[in-house]
Amino acid sequence: MEPVIMALKEEYEDQVTFVIVDVETADGNALANDFGVRYIPAFFYVDSSGGVVAEDVGRLSKSALEQNINKILP
């Protein structure tokens with residue numbers, strides 16, 4: 001998944017902030033608990049007002065991830 005995420009991060013860097021969280025750290029684990037993460041990888045698409053617009057779990061194609069990225073773009 002890392003190559004797909006990094007390609008998307010580069011492609012959308014001027015429009016979207018990507019936050020990659022290591023759930024094996026205390027802070028990452030706390031954040032995962034706050035979002036109710038039960039499976040890894042998990043993706044949350046948060047709009048500019050802080051609302052979760054969509055979420056995905058598991059290995060996804062670039063196009064599947066882009067569909068939800070486009071939901072948060074103005």
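Predicted model: local features only at pLDDT ≥ 70, side-chain atom pairs only at ≥ 80, totals over all residues.
Visitor: Which residues of helix H3 are buried?

Guide: Helices and strands are DSSP runs numbered from the N terminus, a helix being H or I over at least four residues and a strand being E over at least two. Helix H3 spans residues 62-72, and its buried residues are Leu65, Glu66, Asn68 and Ile69. Viewed down the axis of H3, they fall within an arc of 170°, so they line one face of the helix; the arc is that of the directions from the helix axis to the C-beta atoms. Gln67 and Lys71 are on the other side.

Visitor: What do the buried residues of H3 pack against?

Guide: Contact means heavy atoms within 4.5 Å. The buried residues of H3 pack against helix H1 (2-11), strand S1 (42-46) and strand S2 (52-57). Asn68 is one of the buried residues of H3, with a relative accessible area of 8%. Leaving aside neighbours within four places in sequence, Asn68 is in contact with Tyr45, Ala54 and Asp56.

Visitor: In what sense do S1 and S2 pair?

Guide: Two strands pair if DSSP finds at least two bridges between them. Here S1 and S2 pair in the antiparallel sense, over 5 bridges. Ala42 stands opposite Val57 in S2, and Phe44 stands opposite Glu55 in S2. The hairpin has 5 residues between the strands, and Gly50 takes a positive phi near 90°.

Visitor: How many residues make up the largest nonpolar core?

Guide: In soluble globular proteins, nonpolar side chains tend to be buried together. A nonpolar core is a set of buried Ala, Val, Leu, Ile, Met, Phe, Trp, Tyr and Cys residues joined through side-chain atoms within 4.5 Å. The largest one has 11 residues, among them Met1, Ile5, Phe43, Leu65 and Leu73. H1, S1 and H3 are the elements that give two or more residues to this core. Not counting residues up to four places away in sequence, Leu73 touches Tyr12, Gln15 and Val16.

Visitor: Where does Asn29 lie?

Guide: Asn29 lies in helix H2. At 36% relative accessibility, Asn29 counts as partly exposed. Asp22 and Val23 are in contact with Asn29, leaving aside its neighbours within four places in sequence. The C-alpha atoms of Asn29 and Leu65 are separated by 23 Å, and the two residues are 36 residues apart along the chain.

Technical notes:
Residues numbered from 1 in each chain as written. Heavy atoms only, no water. Buried < 20%, exposed > 50% of the residue type's maximum accessible area, 1.4 Å probe, protein only.
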